[in-house]
Amino acid sequence: MKLKNLRPVLLIAALLISACAETGRSVHTNPTSGKAKVTLLYKGHVQPIEGKTFLPWSTHDGVRSLSTSVFLIESGGKILIGDPGEVRKGEWPKIMDKLADMGIGPEDVDYVWIDHHHPDHTMHLGAFPNAPVVDFWSIYKDEIWSDHPDNFEILPGVTVVRTPGHTEEDSSLLVDTDDGVMLITHMWWHNDLTPVVDPVGEDQASLDKYRKALLRKADLLFPTHGEIMKNPFKNNEWDGKPYKP
């Protein structure tokens with residue numbers, strides 16, 4: 001083939017290489033502000049099932065329907081997946097498809113965070129092979145168990161804060177976003193700030209203490225069985241009652 005005939009082929013090859021590069025891993029920080037970006041991948045729920053005992057461990061045959069809100073945080077060129085737990089049947093492949101559409105493969109995830117150790121928050125921990133798991137006091141990768149302090153910045157603008165109450169192992173995230181500080185937490189399950197009294201909590205007094213302390217710092221709230229909302233009590237102390245918009 002003559003050189004002049006090779007030129008269109010080389011041009012097409014170059015364009016294909018460029019296109020492939022563009023569909024790779026995306027930029028993982030807000031390009032204008034440099035602050036963290038939070039994306040809800042799946043909205044969780046907690047619902048009773050008619051005729052079945054709702055509260056776990058109270059009878060031998062109790063059943064309930066629940067799933068966690070799975071989310072993505074992008075900051076500082078890194079990726080964190082939060083609470084990859086139970087989801088409705090058929091939903092996990094859709095979550096992975098959403099990540100793929102964003103140019104994120106399972107191997108691209110840098111960290112997985114869980115707010116506590118109950119299985120509904122941990123069922124899909126193995127989906128991200130390169131990601132250490134972060135909980136309230138440690139980071140776990142392969143055979144290495146590394147401790148971290150309270151108020152630990154896992155990514156730029158993303159801080160792990162210990163919030164025991166539901167369990168002794170609970171933590172929350174404070175995330176610095178373009179819309180203000182977001183509190184991602186299991187201190188409430190739902191967007192109406194319920195349950196007020198945690199029916200399976202281990203330490204209600206501790207739970208109330210951390211609720212009061214952290215609610216003042218947040219512009220946005222994200223209960224980990226719910227979705228992102230504005231904090232209605234940013235400037236006023238929560239009255240300890242369910243929230244009605």
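Me: Which residue is the bridge partner of His45 in β3?
Reply: This is a predicted model, in which local features need pLDDT of at least 70 and side-chain atom pairs count only at pLDDT 80 or more, while totals for chains, interfaces and linings use all residues. Residues are numbered from 1 along each chain as its sequence is written, and side-chain values use heavy atoms, with hydrogens and water left out. Strand β2 (residues 45-48) pairs with β3 in the antiparallel sense over 4 bridges; strands are DSSP runs of E with at least two residues, helices are runs of H or I with at least four, both numbered from the N terminus, and two strands pair if DSSP finds at least two bridges between them. In β3, the bridge partner of His45 is Ser67.

Me: Which side chain makes a polar contact with the side chain of His225?
Reply: His225 is in the loop between β14 and β15 (229-230) and is buried, with a relative accessible area of 3%. Its neighbours in contact (heavy atoms within 4.5 Å) include His45, Leu66, Ser67 and Trp189. A polar contact is a pair of N or O atoms within 3.5 Å; within protein, one must be able to donate a hydrogen and the other to accept it, and residues adjacent in sequence count only if both atoms are side-chain atoms. At 3.3 Å, the partner of His225 is His186.

Me: Which strands stand at the edges of the open sheet of 7 strands?
Reply: The order of this sheet is β1-β4-β5-β6-β7-β8-β9, with mixed pairing. Two strands have a single partner strand each, so one side of each is left without a neighbour in the sheet; they are β1 (37-42) and β9 (144-147).

Me: Which residue in β5 stands opposite Ser75?
Reply: β4 and strand β5 (residues 78-82) run antiparallel and are joined by 5 bridges. Opposite Ser75 stands Lys78.

Me: Which residues have the most contacts inside the largest nonpolar core?
Reply: A nonpolar core is a set of buried Ala, Val, Leu, Ile, Met, Phe, Trp, Tyr and Cys residues joined through side-chain atoms within 4.5 Å. The largest has 18 residues, and among the elements that give two or more residues to this core are β4 (70-75), β12 (171-177) and β13 (180-185). A second, separate core of 16 residues includes Val70, Leu72, Ile95 and Met96. In the largest core, the most contacts belong to Phe71, Ile73, Leu173, Val175 and Ile184.

Me: What is the phi of Asp83?
Reply: Asp83 is found in the loop between β5 and α2. Asp83 is buried, with a relative accessible area of 0%, and Phe71 touches it. Its phi is positive, in a residue other than glycine, and is near 50°.

Me: What is the omega of the peptide bond from Thr194 to Pro195?
Reply: Pro195 lies in the loop between β13 and α3 (204-215). Leu193 lies in that loop too and has a positive phi near 60°. The bond from Thr194 to Pro195 is cis, with omega near -5°.

Methods. Buried means under 20% relative accessible area, exposed over 50%, partly exposed in between (1.4 Å probe, protein chains only). Lists of a residue's contacts leave out its neighbours within four places in sequence.
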